[in-house]
Amino acid sequence: MANKKFVYLFGNGYTEGNNSMKDLLGGKGANLAEMANLGIPVPAGFTITTEVCVLYLRDHKYPDGLLEQIDEALLKLEEANKKKFGDPDNPLLLSVRSGARVSMPGMMDTVLNLGLNDKTVKGIAKKSNNERFAYDSYRRFLTMFGDVVLGIKYAKFESILEEKKHELGVEQDTELDVASLKDLVNKFKEVIKEHTGEDFPQDPRKQLQMAIDAVFNSWNNQRAIKYRKLNGIPDEWGTAVNVQSMVFGNMGDDCGTGVAFTRDPATGEKRFFGEYLTNAQGEDVVAGIRTPQPIENLKKNMPKVYEQLEKIYKKLENHFRDMQDIEFTIQEGKLYILQTRTGKRTAAAAIKIAVDMEKEGLIDKKTAVSRIEPAQIDMLLHPMFDPDATYDVIATGLPASPGAAVGRVVFTAEDAEDKAKEGIKTILVRTETSPEDIGGMDASEGILTVRGGMTSHAAVVARGMGKPCVTGCGAISIDMEKREFTTGKVIVKEGDYISIDGSTGNVILGKVDLIPPKLTGELYTILTWADEIRSLKVRANADTPHDATVARDFGAQGIGLCRTEHMFFGEERIPAVREMIMAEDVKSRKQALEKLLPMQKEDFIGIFRAMDGFPVTIRLLDPPLHEFLPNQEELIEKIRELEMKGADKKEIDEVQRVLDRVEVLKEINPMLGHRGCRLGITYPEVYEMQVRAIIEAACELTREGLKIVPEIMIPLVSHVRELELIKQNVKTTAEATMKECGAEIDYLVGTMIELPRAAITADQIAKEAEFFSFGTNDLTQTTFGFSRDDAGKFLPLYVEKGILEDDPFAVLDQDGVGQLVKIGIEKGRSTRKNLKIGICGEHGGDPKSVKFGHEIGLNYVSCSPFRVPIARIAAAHAVIESENK
């Protein structure tokens, strides 16, 4: 280990690193080395590798040989700068900065002006002939060292600074004279002594070691941990430390510091964009203490510097072939580049920059597509809160469906529908939603629930509708009698305005300004390029003609899941559905189903028409029948009200009859009860009606000249015999219907694999199934033994504690559920070689899950219409990543 290289020099002729070494040198260190290699003016320095960080955090000490390598590197810096570290007459000062593999702006720590003490400050003053500059740098160093290294709150130093400015009647730091700065230095040292019990360390070598320790330790500060979690950055990467010769932007009016982007990070426009300050150091620009000037002013004030900066930024963008974020310092008219990195940008800017750079010949189409994160596409498809708005978050739930919404609180679906008729925008707040709430969900701007996870009814339906939704918000408590909900000490009454952000899970009291999504021509270009690259097809989960049309507009190549139960909840349909459920014999049940037949057929005609030429997978009735009946508690309450009013006995008996049926159908665990194909076996006439409606609709449109491709899917199959029985009934009904209609339709009969047994016996099931669709929502539920509606109570904690890397209902669990999917694919195709296979759970729109689907050989993924563009990009990324391995 002692012979291992831990320190890499850059600048002043040293070229020990380059841009390909980001894993070892971090992004900042690798880019500094690359710029030095390009001949760009970079202050000389050295990088301590990410390996040292990992070892230091693991062993709580430096690896053998590191300190000797740092000593050697310091000697080289002293030679390059003709200054000596710690020399009281001609001191070398250093900056110590973090630098992870990928940019984590502001998450970790930096120390500037390191090496100053009571002696070296005098040497700096004499050497520069600028005593004010020397003591300004010293007070800055004490502040940063106290905050970053010694853990003293920055605000403590800032309050003393503000008191001094107030005492002198000045507003700007630059107006403080030397005497005031010296006084601040003494007061800051007193603060350090008071908080640590020790004097400020005067030994520059001790300062350096403590600063390096602090930067390594900052890898595990709370903001860095949170940032990594949000951005999927592994904890084990660690950060490099960059030790660099200081250059000074605070020596006078021929000095300055700034940050600039090679293109506009908000719009993507091809223009140099940035800000700078004269007579300042870098933190002044970031902290906003002084108002920076636009970069264009530098052209007037320091034309030669601007001309040089312009050449450098163009050189950097052409070299790195991406928009760059550049930090620079001007010392006595000389320009230095302190760092360059790939610039953070808005979703709209990212897409414009990628398309423009392809047109400019800087990158190819695959590179352009790879630079667009799927989440950025999501941002462009939904309204968002105005980024300049300020607001207070009163509660946070799960970000179940992206976008933002504002409306008045309502607690029932009926109220949401009534308010919509009056033109009033609402947020539907429920303990949990059920299929019966569909009308109110459609009428509201967004949905907020106390219970439920990322694949709960509310989440799935909201995503399909493209409506913002926050689920599992256990911090709120609903009181239906008072028509209000509470969270902490906040009481929100019916009719009050709230705002919800389905991208973050935040709930806000009051109205927050929204900005609409912007769909640009560049977005369509990127998606078209993605389609040229990807091999995985993308379908949509859509239950209505409107959803199907939206899906096609977003580029869906068919419907992978049409849930027929959602068609049963229309106002004019629910009576017939309930009549069917209440029927006590087959004859009565068939009479009720005859009323539903034309309604189902009408829906299928609309969906087939929207998907002309593309396959439509229709799942036959899946949920337990009690979901179509009124709530048990509501029925009991209604009987009580009727009795109190002295209502007619016949009316009371009718409600009692419904209540009796609800109690008969009630199940302890309905998700594992009488549902799916079990309904098709016990009540075959229900599936017969649905198949007849599908085939009649297909025949009618075929006669019009449309190409209809129906795929009939049997849900919740666990045994091949279930599928065999139902398939026989489906085929008999379909053949009879086609004969009556005088038309021939090519159709498939397949199944949804959503139970572990089905996956494990897929070779047997494939003897009957002509296609598989993995229902990964239920497969996750049945594999983990998690209720997807209740798991929101503990899953966030599981992710927080690292038990699970992600919520398995949001991101497919590849080690468990994913292995069952692989088994199902392999076994299914061992029986039926060309078996068409997809997934239709909500994982179909998750980028990680899409990539996994590509790797294991799926034919398609299916997701909610508004996630189709995300899946298209993710499927292209999967191809690009596999080619780059």
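Modeller: Angles under 35 degrees count as roughly parallel, those over 145 as roughly antiparallel, those from 65 to 115 as roughly perpendicular, and the rest as oblique. The model is predicted, with pLDDT of at least 70 required for local features and 80 or more for side-chain atom pairs, while totals for chains, interfaces and linings use all residues. Residues are numbered from 1 along each chain as its sequence is written, and side-chain values use heavy atoms, with hydrogens and water left out.

Colleague: What makes H5 and H6 roughly antiparallel to each other?

Modeller: Two packed helices are described by the angle between their axes and the distance between the axes. Helix H5 (residues 131–149) and helix H6 (residues 154–168) pack at about 150°, with their axes 8 Å apart; H5 and H6 are therefore roughly antiparallel. The axes are lines fitted to C-alpha atoms, for helices over the stretch in contact, and angles run from 0 to 180 degrees between N-to-C directions. Helices (H or I, at least four residues) and strands (E, at least two) are DSSP runs, numbered from the N terminus.

Colleague: Which residues of H5 meet H6, and how do they divide into nonpolar, polar and charged?

Modeller: With contact meaning heavy atoms within 4.5 Å, Arg139, Leu142, Thr143, Gly146 and Asp147 of H5 meet Tyr154, Phe157 and Leu161 of H6. The residues of this contact comprise 4 nonpolar, 2 polar and 2 charged, where Ala, Val, Leu, Ile, Met, Phe, Trp, Tyr, Cys and Pro count as nonpolar, Asp, Glu, Lys and Arg as charged, and the others, Gly among them, as polar.

Colleague: Why is Gln69 called buried?

Modeller: Buried means under 20% relative accessible area, exposed over 50%, and partly exposed in between (1.4 Å probe, protein chains only). Gln69, found in helix H3 (residues 66–81), has a relative accessibility of 14% and so counts as buried.

Colleague: What makes S9 and S11 edge strands?

Modeller: Two strands pair if DSSP finds at least two bridges between them. The open sheet has 5 strands in the order S9-S8-S7-S10-S11, with antiparallel pairing. Strand S9 (293–294) and strand S11 (334–342) each have a single partner strand, so one side of each is left without a neighbour in the sheet. Strand S10 (residues 324–331) pairs with S11 over 8 bridges in the antiparallel sense, and Ile326 has Thr340 in S11 as its bridge partner.

Colleague: How do you know that S17 pairs with S18, and what makes both faces of S17 covered?

Modeller: S17 and strand S18 (residues 469–471) are joined by 2 bridges in the parallel sense, which meets the requirement for pairing, and Leu448 stands opposite Val470 in S18. Strand S16 (residues 426–430) also runs parallel to S17, joined by 4 bridges, with Leu428 opposite Ile447. As for the faces of strand S17 (residues 446–449), Gly446 and Leu448 are buried on one side, and Ile447 and Thr449 are buried on the other.
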